[in-house]
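Q: Could you take me through the packing of this protein, giving the general idea before each case?

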Amino acid sequence: MLFELRMILAKPLSKMYRSSLRSGLVPNEWKEAVVIPLFKKGKKSDVQNYRPVSLTSITCKIMESILKDEILDHLEKFSLIRASQHGFTKGRSCLTNLLDFMEDVTYKLDEGEPVDVINLDFAKAFDKVPYQRLFKKLNAHGVRGHVIKWIQNWLFERRQRVGVNRTYSKWQDVKSGVPQGSVLGPLLFLVYINDLDVDIVSKLCKFADDTKLNGGVADEIGVNKLREDLQRIFQWSVDWQMLFNTEKCTVMHMGKNNKE
């Protein structure tokens with residue numbers, strides 16, 4: 001409907017968006033979400049195997065897309081997103097993530113150096129982002145003024161309910177996290193975990209919340225470097241309240257004579 005009536009609705013919507021951004025106020029209807037569980041893999045009887053996707057206002061998503069483009073242009077202009085991140089960024093994808101990572105691994109293997117690859121998985125990543133810490137990181141990345149004020153209002157006092165087969169739960173308040181299924185959510189998450197690889201020596205690649213770490217383990221020096229990097233990443237997860245799901249974290253040994 002919005003597309004078919006775009007010539008008529010463009011002007012009133014633009015006025016509404018300008019008013020919302022200048023005042024920093026977001027309509028309550030834009031803060032409501034119906035969460036639909038999408039099955040990923042494994043047993044369908046296990047709730048952990050479902051991804052919660054938030055169905056939100058289409059009108060709000062248009063506003064989000066405008067802000068997202070401006071924020072992304074700012075981040076790219078000043079090269080603020082680290083090169084290790086391949087998710088939700090222009091010119092990068094799952095393919096570039098794999099190519100970049102495998103190039104480093106195959107180079108080490110060709111040199112006869114065994115490699116350990118560690119796959120890390122955040123526990124409920126999008127749902128656990130603490131708001132106040134997120135706002136500090138946005139401010140540090142230069143997202144300020146009307147934009148950050150609007151984002152703060154957009155995230156505060158949100159509520160959601162779960163819908164399955166047209167049956168819905170009661171409304172519940174949302175205390176943390178960025179909405180999965182929103183336009184702004186993934187970008188806010190990228191900013192939040194952007195400094196995950198600060199001071200990391202080993203090769204680290206990220207695709208949104210999926211993180212891979214690898215290092216040569218031909219001797220004790222290489223093993224200790226990889227251990228120290230893992231300790232730094234773990235400490236980051238504790239400091240920023242983004243713990244890992246240890247059950248989904250795995251280690252892959254590649255090559256021969258990998259040191260434990």
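A: Contact means heavy atoms within 4.5 Å. Leaving aside neighbours within four places in sequence, I151 is in contact with I71, F135, L138, L184 and L188. This is a predicted model, in which local features need pLDDT of at least 70, side-chain atom pairs count only at pLDDT 80 or more, and totals for chains, interfaces and linings use all residues. Residues are numbered from 1 along each chain as its sequence is written, and side-chain values use heavy atoms, with hydrogens and water left out.

Q: Which residues touch the most other members of the largest nonpolar core?

A: A nonpolar core is a set of buried (under 20% relative accessible area, 1.4 Å probe, protein chains only) Ala, Val, Leu, Ile, Met, Phe, Trp, Tyr and Cys residues joined through side-chain atoms within 4.5 Å. Here the largest has 47 residues, among which L138, W150 and I151 touch the most other members. Its largest share, six residues, comes from α2, where helices are DSSP runs of H or I with at least four residues, numbered from the N terminus.

Q: How do α4 and α6 cross?

A: Axes are lines fitted to C-alpha atoms over the stretch in contact, and angles run from 0 to 180 degrees between N-to-C directions. The axes of α4 (residues 131-140) and α6 (residues 185-192) come within 9 Å and cross at roughly 80°, which makes the two helices roughly perpendicular (65 to 115 degrees). R133, L134, K137 and L138 in α4 meet L188, V191 and Y192 in α6.

Q: Is S20 buried or exposed?

A: S20, in helix α1, is buried, with a relative accessible area of 6%.

How values were computed
Angles under 35 degrees count as roughly parallel, over 145 as roughly antiparallel, 65 to 115 as roughly perpendicular and the rest as oblique. Buried means under 20% relative accessible area, exposed over 50%, partly exposed in between (1.4 Å probe, protein chains only).
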